[in-house]
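Visitor: Hi, I have a structure to get through. Can you walk me around?

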Amino acid sequence: SYTLSVLGVDAEGKQTTLAENVTTKSFSLSSIDAAAYPYLQLKASLSDAADRSAPQLDQWLVFYEAAPEGVIRPDLVQVSETIISEQANKGRITMPMVFQNITPFAFRDSLAVDVTVTGDGIQPIQKRLKLAPLAGNANATFNYELNTLALDGNYRISLYVNPRLQPEQIYANNIFVVPFKVKSKLHPIMDVAFDGVHIMDGELI
């Protein structure tokens, strides 16, 4: 005998049994809400009460439209700790980035990019960028800018494209983190004394 169970997995990873004890050779998945359950698991129970032998599953096919899959691509732009640190010490960062859809399936809505800057002496700086819906096999290029005049120390920038807001096959490859350093911008102060008396600007010795 053969029975099939269909389990739905939501965005948080929680499993819910959507259908069980299915004995037909085919079963439609059209009634399942893909937004609520972006992932599915199939479970088959096989038994042979007569011969008591282990049945073998010859073929199991699932026909569906796959979710898109994007990858963040720092290798396609000029970005590194050295480059970002050099920019930061000049007072402003302009960091380019590319997000690539490696499937023929489009992202149906605009893509969010969550940017977080953390480091010495500051509360996390957070910003959300918006990208246009990304077609299949296409790239999206964007920039993040940050004024660094008030920074002094060690920091890092974290980018997260599509932070689980739209269905996607894998989210872990949507994240990029780069550290950078900002040196102190204080100018040296010279205190001049003559025979123990501090000299003021314009005084003659």
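Guide: We start with ground rules, then strands, then the surface.

Guide: This is a predicted model: local features need pLDDT of at least 70, side-chain atom pairs count only at pLDDT 80 or more, and totals for chains, interfaces and linings use all residues. Residues are numbered from 1 along each chain as its sequence is written, and side-chain values use heavy atoms, with hydrogens and water left out.

Visitor: Which way do β1 and β2 run?

Guide: Antiparallel. Strand β1 (residues 2-9) and strand β2 (residues 15-22) are joined by 5 bridges. Strands here are DSSP runs of E, at least two residues, numbered from the N terminus. Two of them pair if DSSP finds at least two bridges between them.

Visitor: What is the partner of Leu 4 in β2?

Guide: Val 22 is its bridge partner. Gly 8 stands opposite Thr 16.

Visitor: And the hairpin, how many residues sit between the strands?

Guide: There are 5, and Gly 13 takes a positive phi near 90°.

Visitor: What is the strand order in the sheet?

Guide: The order is β2-β1-β3, in an open sheet of 3 strands with antiparallel pairing. β2 and β3 (39-46) are at the edges with a single partner strand each, so one side of each has no neighbour in the sheet.

Visitor: New topic. Where is Trp 60?

Guide: Trp 60 is in the loop between β3 and β4 (70-72).

How values were computed:
Helices (H or I, at least four residues) and strands (E, at least two) are DSSP runs, numbered from the N terminus.
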